[in-house]
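Please look over the sequence and the model shown below before reading on. The report that follows is meant to be read with both at hand.

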Amino acid sequence: MVCSAAPLLLLAMTLPLVGSPDAQASQPGHTQAGGESGQQLDQESGAGESVLVSVYVQLDFSNETWSAALSKPQTLPTASASSSLGTLTGLSLTTECSVNHDGCTYCACLSGYQWNNSVCSRHQPCQTLLEHRPCGCLIFCTNEAGYCQLLPPVPATLSLNSWLQMPGSTLNLTLLTSQEITNLKWFLWRTGSPSPSPILLQAGTRVSLTSSRGRVLLSIVNITYKWAGDYICCFEAQGFRWELHQMVKVSLRAIDVAQLPDQLSISCASSPGFQLSCCIPSEHLGYTASWSPGEGSEASSFNTSDSQCFVLAVRRCPAADTTYTCDLQSPGLSPLRVPVSVTIIQGGDTTCPEDSSAGAWNVTKAGHVAQAPCPGNKTGTVKRTCRPDGVWGPIHSSCTDTGLLALLYRARLLRAGQGWPDEEVPQILAQLPDQVVVVTSPSDLLALVNTIKVLAKIVASARIQLNGSALEALLKTTDKVLDMDASSLWTTARAQISAVGSNLLLAVETLARSLCPQDHPFSFGLPNVQLQTQLLRPTPPSDYRVSFSTQPMLQAHIPKHSLAPLGHNGTNVSVTSLMLRKLDHFLPSNYGQGLGDSLYATPGLVLAISIMAGGQVFNKGEVIMDFGDTNGTPHCVFWDHNLFQGKGGWSDAGCQVQAASASPTTHCICRHLTAFSILMSRHTVPKNTLLELLGQVGLGASIVALLVCLGVYRLVWRFVVQSKVAYLRHTALLNVVLCLLAADTCFLGASLLPPGPHSPLCLATAFLCHFLYLATFFWMLAQALMLAHQLLFVFHQLSKHRVLSLMVFLGYLCPMGFAGVTLGLYLPRGQYLGEGACWLDRKGGVFYTFVGPVLAIMGVNGLVLAMAVLKLLRPSLSEGPQVEKRQALLGVIKALLILTPIFGLTWVLGLATLLEEVSIVPHYLFTALNTSQGVFILLFGCLMDRKVQEALRKRFCRSQPPNSTISLGEQPSPGGHSQVS
């Protein structure tokens, strides 16, 4: 109550009146400012009964204290003529008022009374109160008078599962109501908080609210000391405002206590004494601390802006390793013991020497970590490991500016459910430009980016609209962040959190499109950030066009047909275009399917376009962009935040390069809206028409040669497979021909298909080519292994059918397994298909799943050939092959002896083409050899075989004697005739 020279008192008196029903009905209670609570006489009361009636009385005092004046006889208001006499039996004081110097009357309710909702809504409170809290004092600046009313019984009860909460547990506050309640709000007055008012609690990542009939539950998960304090439940019921309280205490955790150091190694010879400290947050100043052991030591404490520290100064160095314990205790809370281990350096121990070149680092025992406090206004520690060999390791600092940490913690609590998002998000954004200048370490940069990231999540979940000044503050901060030194800040920050650039991009995108409608159109430009917004209203224009003052100029437009569907529902449509310079250099080098693992160069620009329609983000739509003149072959890409387990990566899905008819500029067309850029391969062989023509002609020649080979086998098959060795040899070669023919046909036809992972035909073609080319080489391996078996196991030969079964397993099932595993491993990563082709990505690891087995097979074939040549040159009497087999085996050896080096050289050149700085010559040699494999097989595997030649002469010339027979190995008989082996 505000005192004044002319106090007055409002009283509500309760009168038991005796009279007729008519008289009772004519005696209403006074219904002035608070008079709705004045009760009329009960119409059903009989004569002679006592009925409670509230009567409004105003007593004025002048130059006297009200208590002395009240003791004098009082004159009650005269009743109306129809009123019967009544007897005053009780007097209750409800309201005390005083006139302030401004002429207004300040009226405060006494205990048990309160202003009702109707009066509260029409008058100002004496003190600034939170909305929905009970009003016990009001200001009356007119002649209107009133009085506080008697409060009815409390219509609800507030209970909690436990007033003492352990860290990490769940707090449950339950409100049980017996009356209908409205305007329910929850508040927290945090323990030790300097705030003059409690904090609003609302649904967030930790806070949840559930309600049912007569019951409301507030739950807070993973509770910490930041949630300790007085919980207030405010609501309206029975015409009054109510609030219920519950006090909650939360113990500290060990990680909430900062120890400096948490371990220490010391040489008593150089440092006879040392100092230990443990610091707790300032919210828990009720804790007391004691150190043990404490002999020969002195304990003290001091306070900082955000913590209270307990210090132990050890005067005498202990003789042996000792663990000191900081015992923290607070009434009603669980005690907390924080150990600090001290290791004494003994003679002969390996140590790191004292180092003052990079800070004050004392002598430290090998294998231990030395610690130092952070300089200036920073929080954290600086650590340096002494390696086992006594050499200092690198310095690792977690020092973060205290102001940046305070903003980050405030944003995290806001997202968790503490605070007023509509008010606090713009406030935090307004502070960021001043805080960005204190960023001097990677930890500072990460704290700043994390703050922006958390604010973006709050804005997105609560659908907060930002004003122009808040958005300007964000853009100024972003411009300075992108201008920070890449080597000293960004590189180290990315080493700690690789997705820090991706997080910044997503956060700035989200906040930029949250501008309130009345601030459109909005244009803002800085060297590294440019933003343009436009409100299209319910009826979009024909086209949306935007350009940015970059070199070269960056332009974009959205056609009318993409905007037309948005104007049907009558909602406002806003388009936000954001250009960010340098940010693409800070994004992870992750490339989605079709781009491979090679490093690409970016133009230093990222263009983010988003459309908001009716408060919802609209991602579908066609956008055409002009990135200016670029060197090399560009790829139109967008940043997909979902790739690589949420770390983000470049993807070309839904984007393509659009040919510009009369301009060298790069035009990109994408069928969705997000952050776009272009990629240029740093080491790309320029597109060569002659090289492509050479490849197509070579594949055509290879297919024709393989078809000729099949025709030859159709003519001579029954003549050349009359022995087991010849049968197995030509069966393997026939499968090589069939696999290579199918593979070349698929590869040649793949150029007619639309490339990309979203084309099932392209994906199937790439898989078939991989399988069939591998099968070609595995059948060559089967042929070589058959040769080795025939030479090594002369007297333990397998049957023809057994060997054939093994060759089929090796020739088809093994390559099928390789191809299937490769598809399963690399397709989900987006690294299966190559760029612009239905073939394996030659820039990633997937290509080695083909080249690796091929080169291994060529190596095995080479070993088999060497062994075969030695065996045939020096056969033993017991193990050498029969003379009649000798010619067939020599045919196998001659074919492999020619084809293996050729095919091996081909894929050695294939590997050479993967090198970044290689000339065009290996590309030509590889293309010529690779596309001519069918020709080599026809010449050296089929036509150069002597038995095939004899069979062809027999079929076409028919000049042989009728009694001669074609055989794989023939030896003249004494009679001059040939005998079949």
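**Basis and overall make-up**

The model is predicted, with local features needing pLDDT of at least 70 and side-chain atom pairs counted only at pLDDT 80 or more, while totals for chains, interfaces and linings use all residues. Residues are numbered from 1 along each chain as its sequence is written, and side-chain values use heavy atoms, with hydrogens and water left out.

The protein has 19 helices and 46 strands, where helices (H or I, at least four residues) and strands (E, at least two) are DSSP runs numbered from the N terminus. Of its 981 residues, 49% are buried; buried means under 20% relative accessible area, exposed means over 50%, and partly exposed lies in between, using a 1.4 Å probe and protein chains only. Among the contacts with a separation of 6 or more, 69% are between residues 24 or more positions apart, a contact being heavy atoms within 4.5 Å.

**Helix packing**

Two packed helices are described by the angle between their axes and the distance between the axes. Here axes are lines fitted to C-alpha atoms, for helices over the stretch in contact, and angles run from 0 to 180 degrees between N-to-C directions.

| Helix pair | Angle | Axis distance |
|---|---|---|
| Helix 4 and helix 5 | about 160° | 11 Å |
| Helix 5 and helix 6 | roughly 155° | within 11 Å |
| Helix 12 and helix 14 | about 20° | 11 Å |

Angles under 35 degrees count as roughly parallel, over 145 as roughly antiparallel, 65 to 115 as roughly perpendicular and the rest as oblique. A crossing is left-handed if the near helix is turned anticlockwise from the far one by less than a right angle, and right-handed if clockwise.

Helix 12 and helix 14, by contrast, are roughly parallel to each other, and their crossing is right-handed. The residues that make this contact include Lys724, Tyr727 and Leu728 of helix 12 and Lys800, Val803 and Leu804 of helix 14.

**Nonpolar cores**

In soluble globular proteins, nonpolar side chains tend to be buried together. A nonpolar core is a set of buried Ala, Val, Leu, Ile, Met, Phe, Trp, Tyr and Cys residues joined through side-chain atoms within 4.5 Å. The largest such core has 62 residues, of which Tyr773, Tyr832 and Phe850 touch the most other members. Several helices each supply at least two residues of this core, including helix 11, helix 12 and helix 14, while helix 13 gives the most, with 17 residues. Apart from this core lies another of 61 residues, among them Leu482, Leu489, Phe524 and Trp639.

**Local details**

Most residues other than glycine have a negative phi, and most peptide bonds are trans. A cis peptide bond, with omega of about -10°, joins Ser292 and Pro293, and Pro293 is in the loop between strand 21 and strand 22. The bond from His520 to Pro521 is cis as well, with omega near -10°, and Pro521 is found in the loop between helix 9 and strand 33.

Gln238, although not a glycine, has a positive phi of about 55°; this residue lies in the loop between strand 16 and strand 17 and is partly exposed, with a relative accessible area of 38%. Gln645 likewise has a positive phi of about 55°, lies in the loop between strand 42 and strand 43, and counts as exposed at 78% relative accessibility.
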